[in-house]
Amino acid sequence: MEKNKKPSVNNFKLLQDIQAYFCHINNIKNTPELALTYLFYEMRELAKAVKKNDLREIRTELADIVIFAATLANCYPGMLIEGDVTQKLERNFHKYNPAVSKNLKEKGFASAEVLQQMKDLWDRNKNQEFIK
């Protein structure tokens, strides 16, 4: 990714469309509860793969999670989330500022502590600037 270029996600709609078509031709009727059940199942499978450090299985489970995220979005007519994902990424670039991160690491904070510190410092009202 170019250094000064804003992040942008512009293919999630295609994924949603493909998943909607797959469900349609297979006569699969999804509900938010069913999609969440599958997401939770795939998250557990991912955790097992990570624990085993099985990279092939990690990729497979991550793909399943992305597909079921699209399935969940499709449960809500007209919901297209690629703009929301882009906005969330942009917000995270501001929320988890690399200069602040570097400063905290230089002070001896571990990575998890750095993330928590930065999260605690974030003014939640600023979310409205990024998430429309």
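1. Buried means under 20% relative accessible area and exposed over 50%, with partly exposed in between, for a 1.4 Å probe and protein chains only. At 16% relative accessibility, phenylalanine 68 therefore counts as buried, whereas tyrosine 38, with a relative accessible area of 36%, is partly exposed.

2. This is a predicted model, in which local features need pLDDT of at least 70 and side-chain atom pairs count only at pLDDT 80 or more, while totals for chains, interfaces and linings use all residues. Residues are numbered from 1 along each chain as its sequence is written, and side-chain values use heavy atoms, leaving out hydrogens and water.

3. The structure holds 1 aromatic pair (ring centres of Phe, Tyr or Trp, the last by its six-membered ring, within 6.5 Å; planes under 30 degrees apart count as stacked, over 60 as edge-to-face, the rest as tilted). Tyrosine 38 and phenylalanine 68 form this stacked pair, at 5.0 Å centre to centre and with 20° between the planes. The pair links distant parts of the chain, since tyrosine 38 belongs to helix α2 and phenylalanine 68 to helix α3, 30 residues apart; helices here are DSSP runs of H or I with at least four residues, numbered from the N terminus.

4. Phenylalanine 68 is also one of the 9 residues of the largest nonpolar core, which includes Leu39, Leu72 and Cys75 (a core being buried Ala, Val, Leu, Ile, Met, Phe, Trp, Tyr and Cys residues joined through side-chain atoms within 4.5 Å). The elements giving two or more residues to this core are α2 (32-52) and α3 (55-74).
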